[in-house]
Amino acid sequence: MAAPAAEVSRAPAVQTQVIENANGNLTAFLDRGFMALEDGEWEKADEFFEQALNFDAKLAEAYLGKLMVDVRAKVRCDLNDVKAPFDNNSNYKKIVRFGDEKLKNELDGYLSIIEERCNQAEMEEIYAKAKALMSVGTSESHKAAAELFDKVISYKDSKELKEKCFEEIKRIEDIKKKKSEAFQKSLQKANIRSSQSSISAGSYHTVGLNSDGTVVATRYTGDIGNYSGQCDVYQWTDISAVSAGEYHTVGLKTDGSVVATKYVGVDRYNGQCDVSGWSDIVAISAGSYHTVGLKSDGRVVAVGENEYGQCNVSEWTDIVAIAVGTAHTVGLKSDGTVVATNYTGFKDFYCGQCDVSGWSDIVAISAGSAYTIGLKADGTVIAVGDNEHGQCNVLGWLDIVAISAGTSHTVGLKSDGTVVVTEYIGDTELNCGQCDVLGWTDIVAISAGKYHTVGLKSDGTVVATKFSGKYYYGQCEVSDWTDIVSISAGYGHTVGLKSDGTVVATKSMGNYYKGECEVSGWRNIAVPILYDTMEEYKQKKKERDQETAAKTQMMEEKRREFEQLKAQRRSAGVCQHCGGSFKGLLFKTCTKCGKKKDYECYKLKE
């Protein structure tokens, strides 16, 4: 049955009314949404825009409103002030998809302004960071600044500042090069000075190397029961270096062989003097109860006490320097790494003095009683081992050119002639002022004793720490010394070599004294000669050793020739000393030299 005509005619009108109502609601939702934005009611605004999208899912104006909610823009022009571009926002992408060209162009305009502002802000940030790096003042900071300026080369005066950075880098590098050259020169001079020392202060004796290759030692005046023969060196000849241990003395001959004092007694003897088979040695070091030698091929030999493994050096190679502690031995390799003997004693007594496997770039080593010090090529210092008294606290030392390890303190000489020392901690009874070097200047050499520190100044005078403890034996009485070229600090005494080859020593006090300061008669001690480079020193030393060996050989040849001449004169029945004739019946006397006849007549064997 057909619908009534009146109902059919009303249907389009109803549909039109629904659309009009929907459009009205849509406009109302949009208007209310933008009004909520102006009031900063973000969540409320977002709800209105969502309601609008329920009527039209492709409504660009609603997505614009949601974008403004996301970026917190109250009105459309506020999109200019958004901090970051919003082109990755999902609502913006929908606007681009469903909006007209006018709306898209409007948003693109906002984005251009934002991007330009962000670029400017980014360039300003980079520019400011680069300028801040310039103010640091190092070549590294200027290099980093130049790289940043290059990124914003068109911004402000970045181009000019980049060029200025390179100029500053060159200036800084030139200064560093000059400082490095001066530092290396100071380092080499310090090494040359330390390697030429011709006086050595042991615990209870002092040894000196004469310029003619003979050796002198102080006369032991203590309890003869405690004497170990460490001063019996008067028959030694052709010696190029000496080292005084605690109870023995070792000498290196110019031919590479080694001599040692003949040990007297048995209580402290562990074979430390058994060096007669050594050959091709270039450096020696005497410890308390062991002796170490460095061979010319970089290998190392050792004899003596080995309870703690201090003589286990047979596998070492490529060594250029050695140092000995009380119960450990250290070797410096040519590549700047360091080796040490593996400690084999009681673990409770081990302090880590042999833990040097990670060291690199080392140029000098020094061994304390139970700790080890290494000087790096950059002038810093590293230490391992016993730190009971702070002797390993060397972190932060800079520009060091020489080091010296005492018993419970470490001393470093800086390239500017000042001195640093570890701060003493622990037992106050053992703090005798050995670390009080504040104010020392113009120092060229240092030596650390057991309870004192000594410094040699460039003018030939000597300074010593002010002693403030019970272990004072006069070892710091050096204020009147002059014209000194080398120093050595012993257990309780100090020795200085003068430029004329004589030696001075502190006046020992108390019951400690064993004659170690009796050096007043020494007259011909070898004076070190300073060279600018280690290569020059080594060459000159080689030439000097060859000259000494040649003189020794010539003297030996002359002695043999004279012995032959004396034998011929005896055979002829004349004075064997001068060739003169004898007079007298019972006691014959030479008519030429006046000497009595001191041989029986015999004929040379044919």
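**Reading helices, core and surface in a predicted model**

Author: At 1.5 Å a residue, helix H6 (residues 139–151), with 13 residues, should span 18 Å, and its end C-alpha atoms lie 19 Å apart, which agrees. The expected span is 1.5 Å times one less than the number of residues; helices are DSSP runs (H or I, at least four residues), numbered from the N terminus. This is a predicted model: local features need pLDDT of at least 70, side-chain atom pairs count only at pLDDT 80 or more, and totals for chains, interfaces and linings use all residues. Residues are numbered from 1 along each chain as its sequence is written, and side-chain values use heavy atoms, without hydrogens and water.

Reader: Which residues of H6 are buried?

Author: An α-helix has 3.6 residues a turn, so residues three or four places apart point the same way. In H6, Ser139, Ser141, His142, Ala145, Ala146, Leu148 and Phe149 are buried (under 20% relative accessible area, with a 1.4 Å probe and protein chains only; exposed is over 50%).

Reader: Which residues have the most contacts inside the largest nonpolar core?

Author: In soluble globular proteins, nonpolar side chains tend to be buried together. Here the largest core has 31 residues, and Leu37, Leu79, Phe86 and Leu107 have the most contacts inside it. Such a core joins buried Ala, Val, Leu, Ile, Met, Phe, Trp, Tyr and Cys residues through side-chain atoms within 4.5 Å. Helix H3 gives the largest share of this core, seven residues.

Reader: Is Leu585 buried or exposed?

Author: Leu585 is exposed, because its relative accessible area is 84%. Leu585 sits in the loop between strand S25 (582–583) and strand S26 (589–590); strands are DSSP runs (E, at least two residues).
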